[in-house]
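Good morning, and thank you for making the time.

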Amino acid sequence: IRKATLLAMRVAVESLSVRPDKIIVDGVDTIPGLDVPQVPVIHGDIIYAAVSAASIVAKVLRDRIMNNISVIFPLYSFEKHKGYPTNLHKNLIRIYGPTPIHRVNFKMDF
């Protein structure tokens, strides 16, 4: 997940129409392959309002995506658990098996 997250961050930064002067990365990593100064900040969402706002926007977008996916796979109740490994989510995977959107390379120890 970390490699995919860093790749997504790099693609996002590279697609900006304005080149940033500095990037604050929430966590311990910097984004590989960028020639922009970066500052990794653990709990950056607590320290910087902009990082907090970005985190909220990302979560709202993810929830909307999961709501849309719940229409495609209604048996899995994605609108309720948003893909988090709740007991409901785990039980539904046990009953129906994984969907094409599930990451089957994750250890399913439930």
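**The pocket and its lining**

Helix α3 gives the most to the lining of the largest pocket, with twelve residues. Before I go further, please note that this is a predicted model, in which local features need pLDDT of at least 70 and side-chain atom pairs count only at pLDDT 80 or more, while totals for chains, interfaces and linings use all residues. Residues are numbered from 1 along each chain as its sequence is written, and side-chain values use heavy atoms, with hydrogens and water left out.

Some terms are needed here. Helices (H or I, at least four residues) and strands (E, at least two) are DSSP runs, numbered from the N terminus. On a 1 Å grid over the protein atoms alone, a pocket is an open set of points where a 1.4 Å probe fits, with protein on both sides within 12 Å along at least five of seven lines, and lining residues have an atom within 4 Å of a point. Grid points are joined across faces, edges and corners, and a volume is the space filled by probe spheres set on the points.

What volume does the largest pocket have? The value is about 1700 Å³. The lining comprises 43 residues, of which Ile-1, Thr-5, Ala-58, Arg-62 and Arg-103 are the closest to the pocket centre. At least two lining residues come from each of α1, β1, α3 (49–72) and α5 (87–96).

**The nonpolar cores**

I turn now to the interior. In soluble globular proteins, nonpolar side chains tend to be buried together. Buried means under 20% relative accessible area, exposed over 50%, and partly exposed in between (1.4 Å probe, protein chains only). A nonpolar core is a set of buried Ala, Val, Leu, Ile, Met, Phe, Trp, Tyr and Cys residues joined through side-chain atoms within 4.5 Å.

Which residues make up the largest nonpolar core? There are seven in all: Leu-6, Val-13, Ile-23, Val-25, Ile-31, Leu-34 and Val-36. Both α1 (2–14) and β1 (23–26) supply at least two residues each to this core. A second, separate core has six residues, including Ile-69, Phe-73, Phe-78 and Leu-92.

Leaving out residues up to four places away in sequence, Ile-31 touches Leu-6, Met-9, Arg-10, Val-13, Ile-23, Val-25 and Gln-38, where contact means heavy atoms within 4.5 Å.

**The aromatic residues**

A pair of aromatic rings is described by the distance of the centres and the angle of the planes. Rings of Phe, Tyr and Trp (its six-membered ring) pair if their centres lie within 6.5 Å; planes under 30 degrees apart count as stacked, over 60 as edge-to-face and the rest as tilted.

How many aromatic pairs does a search of the whole structure find? The search finds three. In one of them, the rings of Tyr-76 and Phe-78 have centres 6.0 Å apart and planes at 15°, so this pair is stacked. Tyr-76 and Phe-78 are both buried. Through ring pairs, Phe-73, Tyr-76, Phe-78 and Tyr-96 are linked into a cluster.

**Individual residues in the loops and beyond**

Ser-77 lies in the loop between α3 and α4 (78–81). Its phi is near 55°, a positive value in a residue other than glycine. Ser-77 counts as buried because its relative accessibility is 12%.

Lys-82 is placed in the loop between α4 and α5. This residue also has a positive phi, of about 55°, although it is not a glycine. With a relative accessibility of 15%, Lys-82 counts as buried. Its C-alpha atom is 10.0 Å from that of Lys-59, 23 residues away along the chain. Lys-59 itself lies in helix α3 and, at 48% relative accessibility, counts as partly exposed.

Apart from neighbours within four places in sequence, Asp-21 is in contact with Val-36 and Pro-37.

Finally, Asn-105 is found in the segment after α5 and is exposed, with a relative accessible area of 67%. Thank you for your attention.
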